[in-house]
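Subject: Handover of a structure and the findings on it

Dear colleague,

Please find below the structure that I am handing over to you. My notes on what was found in it follow directly after.

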Amino acid sequence: NGIRLRLNIVDTPGYGDQVNNENCWEPIIKYIKDQHSAYLRKELTAMRERYIQDTRIHCCLFFISPTGHALKPIDIVVLKKLSEVVNVVPVIAKSDSLTMEERVAFKRRIKSELGFHNIKLYPYDSDELDDTERNLNDSIKQIIPFAIVGSEKNVVIDGKSVRGRRNRWGVINVENEQHCEFVHLRDFLTRTHLQDLIETTAQIHYEAFRSKQ
């Protein structure tokens, strides 16, 4: 639609891959807090810039392995830690490794576990929301965790080049809602909730950090 969107993506390679994963979340938490600290220093500078470059983390996509069983104990611990400092959105990676029935059951099990452990995920409930915003958030919560499939290549389907993957069972179109929920995730992050993610970071997570300094 002609709008240029600038995104900074921070990856965390190696997270959870060690034999001993004790405190493996600490470098991630530290990085998030370091961005808050850097922003705070710029805010408090006497000759403050008119525009402060915002490097704060506005959303953390937490990728869940498509085991089809349940969240790992380390996942529950890290989700609790992360949700205290950043907007967390859970995502099931490589969801094409599950059948549709397995995917539905897996999502239901994850939601049950998240509720049981009282893990607060984005989007949050608020009395300030109007009916339209509340209905939109409810529809998103019905989908979360997003089950997605990724691809860096294009494949041809019915003469049209699309982002997807080809395997021995057929072709997976990343942007086909019947194949995965990537389209919902993209719209959620870049259209319907982009501004709210930024504002929630500033008003909740950053202010909580600021009040402790």
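I begin with a hairpin: strands β5 and β6 form one, with 2 residues between them. Helices and strands here are DSSP runs numbered from the N terminus, a helix being H or I over at least four residues and a strand being E over at least two. The model is predicted, so local features need pLDDT of at least 70 and side-chain atom pairs count only at pLDDT 80 or more, while totals for chains, interfaces and linings use all residues. Residues are numbered from 1 along each chain as its sequence is written, and side-chain values use heavy atoms, with hydrogens and water left out.

The antiparallel strands

β5 and β6 (residues 170-173) run antiparallel and are joined by 4 bridges; two strands are said to pair if DSSP finds at least two bridges between them. Within this pairing, Arg166 stands opposite Val171 of β6. On its other pairing, β5 (residues 160-167) is joined by 4 bridges to β4 (residues 154-157), again in the antiparallel sense. There, Val155 has Val162 in β5 as its bridge partner. The hairpin of β4 and β5 also has 2 residues between its strands, and Asp158 in this hairpin takes a positive phi near 55°.

The parallel sheet

A further 3 strands make an open sheet with parallel pairing, in the order β1-β2-β3. Because β1 and β3 (146-147) stand at the edges with a single partner strand each, one side of each has no neighbour in the sheet. The parallel pairing of β1 with β2 runs over 5 bridges, and Phe62 has Pro90 in β2 as its bridge partner.

The whole protein

The secondary structure amounts to 6 helices and 6 strands, which follow the pattern α-β-α-β-α-α-β-β-β-β-α-α along the sequence. The C-alpha trace spans about 60 × 45 × 40 Å along its principal axes. Of the 213 residues, 36% are buried; buried means under 20% relative accessible area, exposed over 50%, and partly exposed in between, with a 1.4 Å probe and protein chains only. Among contacts (heavy atoms within 4.5 Å) with a separation of 6 or more, 68% are between residues 24 or more positions apart.

Helix α1 (residues 26-44) has 19 residues and reaches 27 Å from its first C-alpha to its last, close to the 27 Å expected at 1.5 Å a residue; the expected span is 1.5 Å times one less than the number of residues. Its buried residues include Ile28, Ile29, Ile32, Gln35 and His36. In an α-helix there are 3.6 residues a turn, so residues three or four places apart point the same way. The buried residues of α1 are covered by elements that include α2 (73-83) and α6. In α2, the buried residues are Asp75, Ile76, Val78, Leu79, Leu82 and Ser83. Their cover includes α1, β1 (60-64), β2 (88-92), α3 (100-116) and α6.

The second largest pocket

On a 1 Å grid over the protein atoms alone, a pocket is an open set of points, where a 1.4 Å probe fits, with protein on both sides within 12 Å along at least five of seven lines; lining residues have an atom within 4 Å of a point. The second largest pocket holds about 440 Å³ of space, volume being the space filled by probe spheres set on the points, which are joined across faces, edges and corners. It is lined by 18 residues, and Ser126, Leu129, Asp196, Glu199 and Thr200 are the closest to its centre. Both α4 (131-143) and α6 (194-211) supply at least two residues of the lining, and α6 gives the most, with 6 residues. The lining has 6 nonpolar, 7 polar and 5 charged residues; Ala, Val, Leu, Ile, Met, Phe, Trp, Tyr, Cys and Pro count as nonpolar, Asp, Glu, Lys and Arg as charged, and the others, Gly among them, as polar.

Backbone details

Tyr122 and Pro123 are joined by a cis peptide bond with omega about 5°, and Pro123 is in the loop between α3 and α4. Asn118, in that loop between α3 and α4, has a positive phi of about 55° although it is not a glycine, and Asn118 is exposed, with a relative accessible area of 52%. Another cis peptide bond joins Ile144 and Pro145, with omega about 0°; Pro145 lies in the loop between α4 and β3. Asn23, in the segment before α1, has a positive phi near 60° and is partly exposed, with a relative accessible area of 31%.

With kind regards
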